[in-house]
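Colleague: Hi! I have a new model open and would like to talk it through with you. Shall we start once it is on screen?

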Amino acid sequence: ADIEDQIRRMLEQFGTVEEVERSAGEGDFVSVDLEASKDGEAIEEAMAEDILYEVGSGLLVEGIDEHLTGAAAGDVVEFSGPLPTGFGDRAGEEVDYKVTIHEVKERILPDLTDEWVDENTEFDTVTELQEALEGQLADAKLRSASREYSEKALSTLRDQIDIEIPEGLIRAEMDRHLHDFLHRLEEAELNMQDYFEASG
């Protein structure tokens, strides 16, 4: 499923949209005009014309997806909802929305063929692409498992071992960090006083 999702996302980047004579569903695109008002007064900065919006993406205003699902070209839907972030002090303010649907468009994906893979990726065939993605996924899972194992191992050690680090070791580590820091200052042609003045 992970490989299929990755391939679908690749295909979507090369997809097109075509107008259809039906109601909109999740994943479809709609061309809409958006209006917003408060107590009958239009909110100019929340109005837009001929927006191409993907139904189900949740990227426009809260609540719009449920009203666009099942709507068709020529429909007008009205609902109330909060102004989204980006409206400063008015963000979250409850307003009335009016959405006019002009067109419903369906996403058309290219066919996954050896020819398409050869033309649009660094691979020659569908099999090569799938094997490469499987390898990347396996590497990512291995790295994640390794990190998780290391974190659990360290946590277990911390819980089981109660030791007191000698002050001499702590001082030696502090001296090493200070030496490295002074060396970096020298490379930048600065001294400690310059650093203190610059950093406050």
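Predicted model: local features only at pLDDT ≥ 70, side-chain atom pairs only at ≥ 80, totals over all residues.

Colleague: Got it. Which strands each supply at least two residues of the negative patch?

Modeller: Those are β4 (48-54) and β6 (94-108).

Colleague: And what residues form that negative surface patch?

Modeller: The patch is formed by Glu-35, Asp-39, Glu-41, Glu-49, Asp-50, Glu-62, Glu-78, Glu-94 and Asp-96.

Colleague: Let me pick Glu-78. Where is its place, and in which strand?

Modeller: Glu-78 lies in strand β5, which covers residues 76-82.

Colleague: Is Glu-78 buried or exposed?

Modeller: Glu-78 counts as exposed, because its relative accessibility is 59% and the cut-off for exposed is over 50%.

Colleague: Let's zoom out. How many helices and strands does the protein chain have?

Modeller: There are six helices and six strands. Along the sequence they come in the pattern α-β-β-β-β-α-β-β-α-α-α-α.

Colleague: What about burial: what share of the 200 residues is buried?

Modeller: Buried residues account for 22% of the 200. The chain exposes about 14,200 Å², with carbon and sulfur atoms supplying 47% of that. As for contacts between residues at least 6 apart in sequence, 57% of them join residues at least 24 apart.

Colleague: Can you show me one of the buried ones? How about Ser-31: which strand is it in?

Modeller: Ser-31 sits in strand β2, residues 29-38. Ser-31 is buried, since its relative accessible area is 5%.

Colleague: What does Ser-31 touch, not counting residues up to four places away in sequence?

Modeller: Ser-31 touches Asp-50, Ile-51, Leu-52, Thr-100, Ile-101, His-102 and Glu-103. Asp-50 also belongs to the negative patch.

Colleague: How many residues apart in sequence are His-102 and Ala-73?

Modeller: They are 29 residues apart in sequence, while their C-alpha atoms are 4.9 Å apart in space.

Colleague: New topic: salt bridges. How many does a search of the whole structure find?

Modeller: The search finds six. One of them pairs Arg-8 with Glu-12, where the closest N and O atoms are 3.2 Å apart.

Colleague: How are Arg-8 and Glu-12 placed in helix α1?

Modeller: They are separated by about one helical turn, because they are four residues apart in helix α1 (residues 2-13). Arg-8 counts as partly exposed at 43% relative accessibility, and Glu-12 counts as partly exposed at 26%.

Colleague: Nice. And what about Asp-28 and Arg-22?

Modeller: Their side chains meet in a salt bridge, 2.6 Å from N to O. Asp-28 is buried, at 6% relative accessibility, whereas Arg-22 is partly exposed, with a relative accessible area of 34%. Salt bridges that share partners join Arg-22, Asp-28 and Glu-106 into one network.

Colleague: Last one: which residue does Lys-105 meet in a salt bridge?

Modeller: Lys-105 meets Glu-103, with 3.3 Å from N to O. Glu-103 counts as partly exposed, its relative accessibility being 23%. Glu-103 is also among the residues that Ser-31 touches.

Technical notes
Residues numbered from 1 in each chain as written. Heavy atoms only, no water. Patch = residues over 30% accessible without salt bridge, like charges linked within 9 Å, V, L, I, M, F, W, Y side chains within 5 Å. Areas by Shrake-Rupley, 256 points an atom, 1.4 Å probe, with all protein chains shown as cover. Salt bridge = Lys/Arg side-chain N within 4 Å of Asp/Glu carboxyl O. Lys, Arg positive; Asp, Glu negative; His and termini not counted. Charge placed at Lys NZ, Arg CZ, Asp CG, Glu CD. Buried < 20%, exposed > 50% of the residue type's maximum accessible area, 1.4 Å probe, protein only. Contact = heavy atoms within 4.5 Å.
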